[in-house]
Amino acid sequence: ALRKQNFSDTGNFGFGIQEHIDLGIKYDPYTGIFGMDFYIILERPGTRVQRRRRQQARLGLNQRITRQEAMDWFVQKYEG
């Protein structure tokens with residue numbers, strides 16, 4: 001379960017794991033144990049208009065993803 005602090009105001013969220021073997025990857029003594037940080041960016045279709053080179057446009061407020069929407073999506077998708 002992720003905490004509220006893991007989610008940004010723009011709907012992005014991140015988390016870290018202590019050991020990569022928690023993901024089910026087999027332990028390799030040559031590599032050792034290392035952790036990972038994940039940062040997920042959620043976007044709606046059509047967000048490209050803000051980043052394209054030609055005819056850029058501003059993103060409307062209804063097009064942006066809020067913190068609460070991201071939290072609801074995570075709970076629904078991953079039962080977290």
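How many aromatic pairs does a search of the whole structure find? The search finds 7 aromatic pairs. The model is a predicted one, in which local features need pLDDT of at least 70 and side-chain atom pairs count only at pLDDT 80 or more, while totals for chains, interfaces and linings use all residues. Residues are numbered from 1 along each chain as its sequence is written, and side-chain values use heavy atoms, with hydrogens and water left out.

**Aromatic pairs**

A pair of aromatic rings is described by the distance of the centres and the angle of the planes. Rings of Phe, Tyr and Trp (for Trp, the six-membered ring) pair if their centres lie within 6.5 Å; planes under 30 degrees apart count as stacked, over 60 as edge-to-face and the rest as tilted. Phe7 and Phe13 form a tilted pair, with 5.0 Å from centre to centre and 35° between the planes. The pair of Phe74 and Tyr78 is tilted because the ring centres are 5.7 Å apart and the planes stand at 45°. Ring pairs link Phe7, Phe13, Trp73, Phe74 and Tyr78 into a cluster.

Burial is judged by relative accessible area: buried means under 20%, exposed over 50%, and partly exposed in between (1.4 Å probe, protein chains only). Phe7 is buried at 5%, and Phe13 is buried at 2%. Phe74 is also buried, with a relative accessible area of 14%, whereas Tyr78 is exposed at 51%.

**Helix α1 and its end**

Helices (H or I, at least four residues) and strands (E, at least two) are DSSP runs, numbered from the N terminus. Helix α1 covers residues 67-78, and within it Phe74 and Tyr78 are 4 residues apart, which separates them by about one helical turn. An α-helix has 3.6 residues a turn, so residues three or four places apart point the same way. With 12 residues, α1 reaches 16 Å from its first C-alpha to its last, close to the 16 Å expected at 1.5 Å a residue; the expected span is 1.5 Å times one less than the number of residues. Just after α1, Glu79 takes a positive phi of about 50°.

Tyr39 lies in strand β2, which comprises residues 36-40. The loop between β2 and α1 holds Thr47, Gln55 and Thr66. Gln55 has a positive phi near 55°, in a residue other than glycine.

| Residue | Relative accessible area | Class |
|---|---|---|
| Tyr39 | 52% | exposed |
| Thr47 | 7% | buried |
| Gln55 | 61% | exposed |
| Thr66 | 39% | partly exposed |

Tyr39 is in contact with Ser8, Asn12, Phe13 and Gly14. Thr47 is in contact with Leu59 and Gln63, and Thr66 with Asp9 and Gly11.

Tyr39 and Gln50, 11 residues apart in sequence, are 21 Å apart in space. Thr47 and Gln68 are 21 residues apart along the chain and separated by 19 Å. Thr66 and Gly46 are 20 residues apart in sequence and 16 Å apart in space.

**The largest pocket**

A pocket is found on a 1 Å grid over the protein atoms alone, as an open set of points where a 1.4 Å probe fits, with protein on both sides within 12 Å along at least five of seven lines; lining residues have an atom within 4 Å of a point. The largest pocket holds about 250 Å³ of space, a volume being the space filled by probe spheres set on grid points joined across faces, edges and corners. Of its 14 lining residues, Thr10, Thr47, Gln50, Leu59 and Arg64 are the closest to the centre. Thr47 and Leu59, both in this group, are also in contact with each other.

How values were computed. Contact = heavy atoms within 4.5 Å.
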